[in-house]
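Student: I have just opened this structure and would like to understand the words used for it. Could we go through them together?

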Amino acid sequence: MALQQAPASSLQARAPAALRSTFSAPWSVRLPAPARRRTARAATPARITMRVASKQAYICRDCGYIYNDRTPFDKLSDNYFCPVCGAPKRRFRPYEPAVSKNANATDVRKARKEQLKKDEAIGQALPIAIAVGVIALAALYFYLNSNYN
């Protein structure tokens, strides 16, 4: 039986049969595998992924860094830290505005950080303002009660 080397172009097409016999026909070497694969694929159910639906950006409250990666933020481990300032995962909050490509540029991050500080300052001053208002109303009550009774 005489063996001959297959040409390079047929090696790429038929990698398993580098050496072939001159007595065998090329169509007898391969089985009609694509027909079997199609029937096997049709029998398996379609995979459904929810990855796109849960895409949410998160912002670091300390430096303004936006986490907008493929891995959902909820799937990250609890020891995740901000790559810019090192803040722990609990310092991140959901970020609703649309995220642009240059969202983590230094000047954009600094502007967001200033806005976050202003928002948090208002939130921190609110309980103090409520307490001052309650004290002022109590003082007004006692003043009016003492003068008109």
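Student: Why is Tyr-148 called exposed?

Tutor: This is a predicted model, and its values are computed from the atoms. Tyr-148 has a relative accessible area of 66%. Exposed means over 50%, so Tyr-148 is exposed. Tyr-148 lies in the segment after α3 (106-147).

Student: What makes the nonpolar surface patch with Tyr-148?

Tutor: Leu-137, Leu-140, Tyr-143 and Leu-144 make the patch together with Tyr-148, and the patch covers about 590 Å². A patch residue needs over 30% relative accessible area; Tyr-148, at 66%, therefore passes that cut-off.

Student: How do you know that Arg-109 has no salt bridge?

Tutor: Look at the nearest side chain of opposite charge: Asp-107 is 8.1 Å away. A salt bridge has to be within 4 Å, so Arg-109 has none, and yet Arg-109 is buried. Arg-109 is found in helix α3. Beyond residues up to four places away in sequence, Arg-109 touches Cys-63, Gly-64, Tyr-65, Val-84, Ala-103 and Asn-104.

Student: Which residues are in the largest nonpolar core?

Tutor: That core has 11 residues, among them Cys-63, Tyr-65, Tyr-67, Phe-73 and Phe-92. Tyr-67 is in contact with Phe-73, Leu-76, Tyr-80 and Phe-92, among others, leaving aside neighbours within four places in sequence. A second, separate core of 6 residues includes Ala-57, Ile-66, Tyr-95 and Leu-116.

Student: How much of the chain is buried?

Tutor: Buried residues make up 18% of the 149 residues. The chain has 3 helices and 5 strands, which run β-α-β-α-β-β-β-α from the N terminus on.

Technical notes
Residues are numbered from 1 along each chain as its sequence is written. This is a predicted model: local features need pLDDT of at least 70, side-chain atom pairs count only at pLDDT 80 or more; totals for chains, interfaces and linings use all residues. Side-chain values use heavy atoms; hydrogens and water are left out. Patches are made of residues with over 30% relative accessible area and no salt bridge: like charges are joined within 9 Å, nonpolar side chains (Val, Leu, Ile, Met, Phe, Trp, Tyr) within 5 Å. Accessible areas come from the Shrake-Rupley method with a 1.4 Å probe; for residues, only the protein chains shown count as cover. Helices (H or I, at least four residues) and strands (E, at least two) are DSSP runs, numbered from the N terminus. Buried means under 20% relative accessible area, exposed over 50%, partly exposed in between (1.4 Å probe, protein chains only). Lys and Arg count as positive and Asp and Glu as negative; His and the chain ends are not counted. Contact means heavy atoms within 4.5 Å. A nonpolar core is a set of buried Ala, Val, Leu, Ile, Met, Phe, Trp, Tyr and Cys residues joined through side-chain atoms within 4.5 Å.
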